[in-house]
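This briefing is for a reader meeting the structure for the first time. Please look over the sequence and the model before reading on.

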Amino acid sequence: MFPIVRRLPLNRPKSIPLLHSSALNLTAITPTSSQTLDFDDTHRLFSSIPTSSLISSLSHLYAMAFSPLVDLGITALRSRLISGTEIGRRAIKATAYARFCAGEDAESAAKTLTELWGRGMRGILDYGLEDAEDNAACDRNLAGFLHTVEMTSSLPRDSVSFACVKITAICPITLLERVSDLLRWEQKKKTIDLPWKSHSLPILSPSSPLYHTPSSPPPLSETEEQDLRLAEERLTTLSLRCRDFNVPLLIDAEYTSVQPAIDYLTYSAMLRFNHDDRPIVYGTIQAYLRDAKERLMLAVEAAEKERISIGFKLVRGAYLTRERDLASSLGAASPIHSSIEKTHACYNDCTSFMLGKVVSGSGSVVLATHNFDSGKFAAAKAEELGIDKGNQKLQFAQLKGMAEALSIGLSNAGYQVSKYLPFGPVDQVIPYLLRRAEENRGFLSASTLDRQLMRKEIRRRLKAMILGRG
């Protein structure tokens, strides 16, 4: 089911020294003070990108900025009459899939990752599975995630920064909904007894929305409790494999109807595995949620009391339409900030908070952003706090196919940068592609600077070609 990945040469870019995989606290090159976050010099910024790739990327960005075309793409992805046909799958594979995904199997993803490594960036490997319906599907999915972690031993050393998992792939959706309902009711009533619940960090905050659970939910049945234990065992197995292969595990955030259960499982794994200086298990905070900063602070402060290291990936969020529609259907206010400006402010506040924890040594952060202003803000804040650019507790990440100029600019400045590389058969990753389409429809302005910079560099190259100079 999972092909064997051939062993790739352990050659790495000369600008990044060979790291010892036996140590979790990796040390990379310390850039000189002259290396700054510069987006003006497009010659240097895109020096490693062929002109044909620049033109292709620019055409994709223009297509993603054209709302009617994005809407048409979303319709095609959702329609089984289109995505369920061979012609439809080929069209999807040649367009959105090729832009955002790293291939259909482990070997394809390995090839994409090695190309990134040659450009000074690393990869976050995500075997694109989610929304399992039963334990059999969860067990099959776990096998895929384990194989992803194991194959990293055949890739260039340290070229993989993280493995990624969605809890919805290893725990049935209906059970996550049930557990989330009970956790919300516990937050609301305080006196409820949850006999299955183990020690955890704070999951919800006083400002967290509870509208999903308007009345007292029934307790978990014996079968549900057994299924929850199986889900915990799957996450434990995956975390152990990540520890053995020295690959930290990023646990993605999802929609609010199941996020409390996801955080419960994530924090339980953190308490078990994050006893070294660098975390093995990382959670995710979605800054577009109004309670994001409060939940982040509560979890980090509790982790410090537990004397464990804690890691978070900070994102804005990609379930806008779903969240707003659900809240509206229940007659509740949206859990999402009322404006993009407030989301940006929350993201930057969470960034500042976590950078402070990087300085104190108690926290690690992956700043997953496509926003140039947030990237510049984080870099300036890190410099102000004296955080070394090679510090593995501070990393930046962008999705494959998005914010290329930001990724390259941060990498050129000496920061640790990864691209998120989902892989799997086309049918399997359609939910991921739908979120990317929705995200591009909601944040079209995010690609404006990318387009401007690419146009500038293409014009520069054309002029140089005509005038006969490089």
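The model is a predicted one. The protein chain holds 17 helices and eight strands. It has 470 residues, and 57% of them count as buried.

**The chain as a whole**

- Taking contacts between residues at least 6 apart in sequence, 80% join residues at least 24 apart.
- The accessible surface of the protein chain is about 19900 Å², and carbon and sulfur atoms account for 54% of that surface.

**Helix packing: H8 with H9**

- Two packed helices are described by the angle between their axes and by the distance between those axes.
- For H8 and H9 the packing angle is about 105° and the axes are 11 Å apart.
- An angle of 65 to 115 degrees counts as roughly perpendicular, and H8 and H9 are therefore roughly perpendicular to each other.
- On the H8 side the meeting residues are Leu175, Arg178 and Val179; on the H9 side they are Glu224, Asp227 and Leu228.
- By class, the residues of this contact of H8 with H9 are three nonpolar, three charged and no polar.

**Helix packing: H15 with H17**

- Helix H15 covers residues 404–412 and helix H17 covers residues 448–467.
- H15 and H17 pack at an angle of about 75°, and their axes are 8 Å apart.
- These two helices, H15 and H17, are therefore also described as roughly perpendicular to each other.
- H15 contributes Glu404, Ala405 and Leu406 to the contact, while H17 contributes Asp450, Leu453 and Met454.
- The contact of H15 with H17 consists of four nonpolar residues, two charged residues and no polar ones.

**The two sides of helix H12**

- Helix H12 spans residues 320–329, and its buried residues are Leu320, Glu323 and Ala327.
- Viewed down the axis of H12, these buried residues fall within an arc of 75°, so they line one face of the helix.
- Asp325, Ser328 and Ser329 are exposed on the other side of H12.

- Lys190 is a residue other than glycine with a positive phi, near 70°.
- Lys190 lies in the loop that runs between helix H8 (173–189) and helix H9 (222–244).
- The relative accessible area of Lys190 is 58%, so Lys190 is exposed.
- Asn246, also a residue other than glycine, has a positive phi near 60°.
- The loop between H9 and strand S3 (249–251) is where Asn246 is found.
- Asn246 has a relative accessible area of 18%, so Asn246 is buried.

**Thr256, a buried loop residue**

- Thr256 sits in the loop between S3 and helix H10 (259–273).
- Its relative accessibility is 9%, so Thr256 counts as buried.
- Not counting residues up to four places away in sequence, Thr256 touches Arg184, Tyr211, His212, Leu289 and Glu323. Glu323 is also one of the buried residues of H12.
- Thr256 and Ser208 are 48 residues apart along the chain, and their C-alpha atoms are separated by 9.9 Å.

**Ala299, a buried residue in H11**

- Ala299 has its place in helix H11, which covers residues 292–306.
- With a relative accessibility of 0%, Ala299 counts as buried.
- Setting aside residues up to four places away in sequence, Ala299 touches Leu201, Pro202, Tyr267, Ile310 and Phe312.
- Ala299 and Leu204 are 95 residues apart in sequence, and 9.2 Å apart in space from C-alpha to C-alpha.

**Arg461, a buried residue in H17**

- Arg461 is placed in helix H17.
- The relative accessibility of Arg461 is 16%, so Arg461 counts as buried; the cut-off for buried is under 20%.
- Leaving aside neighbours within four places in sequence, Arg461 is in contact with Phe46, Ser47, Ile49, Pro50, Thr51 and Leu54.

Note on methods: Residues are numbered from 1 along each chain as its sequence is written. This is a predicted model: local features need pLDDT of at least 70, side-chain atom pairs count only at pLDDT 80 or more; totals for chains, interfaces and linings use all residues. Side-chain values use heavy atoms; hydrogens and water are left out. Axes are lines fitted to C-alpha atoms, for helices over the stretch in contact, and angles run from 0 to 180 degrees between N-to-C directions. Helices (H or I, at least four residues) and strands (E, at least two) are DSSP runs, numbered from the N terminus. Angles under 35 degrees count as roughly parallel, over 145 as roughly antiparallel, 65 to 115 as roughly perpendicular and the rest as oblique. Contact means heavy atoms within 4.5 Å. Ala, Val, Leu, Ile, Met, Phe, Trp, Tyr, Cys and Pro count as nonpolar, Asp, Glu, Lys and Arg as charged, and the others, Gly among them, as polar. Buried means under 20% relative accessible area, exposed over 50%, partly exposed in between (1.4 Å probe, protein chains only). Accessible areas come from the Shrake-Rupley method with a 1.4 Å probe; for residues, only the protein chains shown count as cover. The arc is that of the directions from the helix axis to the C-beta atoms.
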